[in-house]
Each structure stands twice: as structure tokens, then as C-alpha cells.
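Welcome, and please have your viewer ready.

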Amino acid sequence: MGSDAAKNTIFLADYTPFGFVLHRTDLRVFLHEGYARVEADIELERAIGSDPDASLTLHGVDLELESLALDDCPISEAAYRFDGELLVIDGCPSGKFRLSTKVRIYPERNTALEGLYSSNGMYCTQCEAEGFRKITFYPDRPDVMSRFTTRIEADKTRFPVLLANGNLMKSADL
């Protein structure tokens with residue numbers, strides 16, 4: 001086993017539960033020429049028994065952060081850190097709250113075949129096991145569940161038909 005594989009090995013003994021409960025995730029994807037904008041609203045609260053002072057840590061890879069807000073209030077740059085893979089937000093409330101993010105991604109440049117990518121003129125997603133972090137900031141781990149709503153908008157002439165989770169939709173006029 002190479003050093004990269006050994007470095008990425010996750011052991012059960014190292015498991016710690018995620019410190020927040022995700023009640024709902026509303027995702028909106030806007031496909032544009034050359035990029036996509038992804039807006040996410042996540043309703044969360046601290047998990048019972050979790051550290052009340054712990055920061056919220058979310059995964060995100062190849063994302064350009066456009067905005068970040070907590071209950072509709074912009075989060076100051078002093079209240080979060082992003083190192084290119086992890087977004088850490090300090091000072092989250094103890095009760096329920098909503099985190100809103102807007103990011104820009106580039107599906108045509110995504111050759112990892114994870115997240116949202118372009119293949120033969122089609123946009124596709126592959127989110128398992130850790131591909132969702134290439135779409136938006138999220139606790140991209142298999143033990144974190146949420147109810148999802150997803151809306152995809154695209155140019156009607158370029159993408160007259162959208163298919164999501166087996167549901168056929170017509171593109172909205174942008």
C-alpha cells in the first residue's frame with residue numbers, strides 16, 4: 001500500500017460522531033456557459049451531547065466561495081477558515097440555524113468524475129463516496145443524513161430536458 005493510500009485510510013477506532021444534526025438541505029444548481037453556481041441552505045442544530053463550543057467543519061474541494069451566511073447574516077472572514085478542502089465556521093448557535101452558501105464550480109474542468117462534471121455535452125453527478133464535496137460545502141460523510149430538495153436551472157435552448165433522480169423535467173427559461 002502506497003503512502004497516499006495509507007494516509008487516507010480511515011479506521012473505526014478513529015470514528016467520532018458528527019457534532020451537528022442536519023434537518024434539511026435545499027440545493028439549487030444554476031448551469032451557465034462555462035460554470036455552475038450552487039446555492040445551498042442547510043438547516044442544522046448541535047447534536048445532543050456534542051461540544052457546545054465546537055466549530056462546524058464542512059468539506060469542499062474545487063469550490064469558489066461567493067457568499068456565506070448564518071440565518072441570513074453574512075459571516076465575517078474572521079469567523080471562518082477555508083484551506084481548499086475544509087471550511088471551518090466558528091461561533092455557530094446552540095439551537096437550530098440555517099447556513100447558506102453560494103459557490104461557483106466548473107463542471108467542464110472536473111476530470112475526477114466526482115461531483116458535478118461534464119461528459120460528452122451532458123452534465124452528470126457522482127457523489128459517492130466523497131463526491132458531494134465537489135458540488136458544495138457539506139459534511140460529506142456517510143453517517144450524516146438530511147432531507148433534500150434539489151432544483152436545477154439551465155438555458156432552455158441548450159438543455160431542453162433535465163433528468164434528476166429519474167424525474168423528467170423541462171428546463172425553465174433563464
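Which residues lie nearest the centre of the second largest pocket? Select Ile 10, His 59, Glu 130, Arg 133 and Asp 140, which lie nearest its centre among the 22 lining residues. A pocket here is an open set of points on a 1 Å grid over the protein atoms alone, where a 1.4 Å probe fits, with protein on both sides within 12 Å along at least five of seven lines; lining residues have an atom within 4 Å of a point. This pocket has a volume of about 690 Å³, the space filled by probe spheres set on the points.

A word on the model: it is predicted, so local features need pLDDT of at least 70 and side-chain atom pairs pLDDT 80 or more, while totals for chains, interfaces and linings use all residues. Residues are numbered from 1 along each chain as its sequence is written, and side-chain values use heavy atoms, without hydrogens and water.

Now for the rings. The whole structure holds seven aromatic pairs (Phe, Tyr or Trp ring centres within 6.5 Å, using the six-membered ring of Trp). Select Phe 132 and Phe 148: they pair edge-to-face (planes over 60 degrees apart), at 5.8 Å centre to centre and 85° between the planes. Phe 132 is in the loop between strand 10 (122-126) and strand 11 (147-153), and Phe 148 is in strand 11, 16 residues apart; strands are DSSP runs of E, at least two residues, numbered from the N terminus.

Next, pick Phe 18, Phe 20 and Phe 97, which form one aromatic cluster.

Note on methods:
Rings of Phe, Tyr and Trp (its six-membered ring) pair if their centres lie within 6.5 Å; planes under 30 degrees apart count as stacked, over 60 as edge-to-face and the rest as tilted. Helices (H or I, at least four residues) and strands (E, at least two) are DSSP runs, numbered from the N terminus.
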